[in-house]
Amino acid sequence: MTVNEARGPAIHVQGLEKSYKELRVLRGVDFAVARGSIFALLGSNGSGKTTVVKILSTLLKADAGTAGVNGFDVVTRAADVRESISLTGQFAAVDEILSGRENLVLVARLRHLKDPGAIADGLLERFSLTDAGARRVSTYSGGMRRRLDIAMSLIGDPPVIFLDEPTTGLDPQARLEVWQAVKELAGRGTTVLLTTQYLDEAEQLADRIAILHEGRIIVNGTLAELKQLLPPAKVEYVEKQPTLEDVFLTLVGDNGKTGKTGKTGKTGKTGRHGQDRNVGTDA
Amino acid sequence: MTKHFLGDTAALLGRSLRHITRSADTIITTTLMPIAMMLMFVYVFGGAIDTGSESYVNYLLPGILLITVASGIAYTAFRLFMDMKSGIFERFQSMPIARSSVLWAHVLTSLVANLISLVVVLLVALLMGFRSSAGVAPWLAVAGILILFTLALTWLAVIPGLSAKTVEGASAFSYPLIFLPFLSSAFVPTATMPGPVRAFAEHQPVTSIVNALRDLFTQQPVGTDIWIALAWCVGILIVAYVFAMNSYRRKIS
């Protein structure tokens, strides 16, 4: 940890501004992401989350401000930044006409790695896609596609990964699978910048959460810190009604890799204590 | 970064060639229209057209080959457009690759796809009675001109592929190119056309390219037509390349 700190944060953003013609999307964005942590950028549609990710992944140039990834400036050291990152876009950027394995081999070849075939097979295995590996991606379900997308991002072990709305449009089960994959990533020391419009997703995954609103970061902190911004929680006992998501996941049985049927999603935090009743923290 | 240019281009070329082999329908639809035109002109209109040459299919083929390329490059624009839309373009651009290899892979794929289409159309023409007494050297010259013409139109197709807003916009630009041969010596000799039309027909690229190909096929002296044809191809190639690269740089920065 001390070594990491000596090298500075994995992502560093200061005074970032960007306009599309008249529309001022970013109006001075500042934040930093510690190495090996999961950082969630939370905001509604059109708040500028994707713009931030595009600037950090060298796809877009900012009008003002500086941004650095893995210690490299995104403008002057763009090539080094691209060596250090992987981007998983809002709409799964996989090749539909190729098979899953061919997609992985392609990315491994473009990252100039030795033995792309073995890398592809390893990732298919890790993401439970071995059986589907030879099939065209156009036959994959949404969850399989996103898993493949994330697997493609892991090739070459980049130290920083950008996940732009990784669970948008996925069913609850596929969502859990993606969450599991993201947690594993962070467990291996990868820094993850995640954008999402789902509050529970940020709550489930992120070490720190920043809220992007009208082109600025209006809060930035841990979940506990964010909760303290509101009046103290009052404890009330309510009978726990299963959410429709709980019902769905219980009925379909298979619950991804989490194996905690019915105690996930919106009720995950309290469900873990195995209580029948939910401790509400309404303000 | 540029040290990876060849390897990256090869990897991406392999990808888009797979697209072609797995969607053979694009090759079929590309060749269908020129073949249909050839059938119609040879067996329906051909009898009434006096070209002064002994076989109308021999007269017609050079123009049909150019139409084949013009309809083929619509798919180049389409494939590029789909990559831009799908997000895979951004994935490639955010990776440590030689960035121009993404574009070059599309250009080389277009060349391969069009050459396949040209061979298919040529085989149909042979079935319909096309014959040429040309030896190896004139055939190589024909191939060279067609490759140059394909590259020129491919770079032209890259521009709408990168900048179009809709799929229709990305491929619609090829329609005028497909119909340009009608206002040339491709189907009928220009001598019968009225003044202004004839003036246009005789000074547009298709006529000189068609005349050069026809002379090569029939082993006539090619004269100045071949130099005008080459000048048109190289000229279009350079201008289209500059505009396409400009448009590309705007996209990736």
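Predicted model: local features only at pLDDT ≥ 70, side-chain atom pairs only at ≥ 80, totals over all residues.
Reader: Start with chain A. In what order do the strands of its open sheet lie?

Author: A sheet is read strand by strand, across the pairing. Here four strands of chain A form an open sheet, in the order E2-E1-E4-E5, with antiparallel pairing.

Reader: Which are the edge strands?

Author: An edge strand pairs on one side only. In chain A these are E2 (23–33) and E5 (72–73).

Reader: How many bridges join E4 of chain A to E5(A)?

Author: Two bridges join them, and E4 covers residues 64–69. For one facing pair, look at A:Val69, which stands opposite A:Phe72 in E5(A).

Reader: Which strands does H2(A) touch when it packs on the sheet?

Author: H2(A) touches E1 (11–20), E2 and E4 of chain A. Its direction makes about 115° with that of E1(A).

Reader: Is helix H2 of chain A mostly covered or mostly open?

Author: Count its buried residues. A residue is buried if 20 or more other C-beta atoms lie within 10 Å of its own. Helix H2 (residues 49–56) of chain A is mostly covered, with eight of its eight residues buried. Among them are A:Lys49, A:Val52, A:Ile55 and A:Leu56.

Reader: Now chain B. Why do 31 Å between the end C-alpha atoms agree with the 22 residues of H2(B)?

Author: Compare the expected span with the distance in the model. The expected span is 1.5 Å times one less than the number of residues. For helix H2 (residues 24–45) of chain B, that rule gives 32 Å, so the 31 Å between its end C-alpha atoms agrees.

Reader: Where does the kink in H2(B) lie?

Author: At B:Leu32, shortly before the proline B:Pro34; the kink is about 25°. B:Pro34 is one of the buried residues of H2(B), which also include B:Thr30, B:Met38 and B:Phe41.

Reader: What do the buried residues of H2(B) pack against?

Author: Two helices of chain B, H3 (56–86) and H5 (101–127).

Reader: How many residues of chain B are in contact with chain A?

Author: Count each side. Here 21 residues of chain B are in contact with 20 residues of chain A. On the chain B side, helices H1 (5–22) and H4 (88–93) are the elements that give two or more residues. H1(B) gives the largest share, seven residues. By class, that side of chain B has six nonpolar, nine polar and six charged residues.

Note on methods:
Residues numbered from 1 in each chain as written. Chains lettered and ligands numbered in written order. Buried ≥ 20, exposed ≤ 12 C-beta atoms within 10 Å, placed from the backbone. Contact = placed C-beta atoms within 7 Å. Nonpolar A, V, L, I, M, F, W, Y, C, P; charged D, E, K, R; others polar. Bend = angle between axes of the 7 residues up to and from the residue. Pairing = 2+ DSSP bridges. Axes fitted to C-alpha atoms, helices over the stretch in contact; angles between N-to-C directions.
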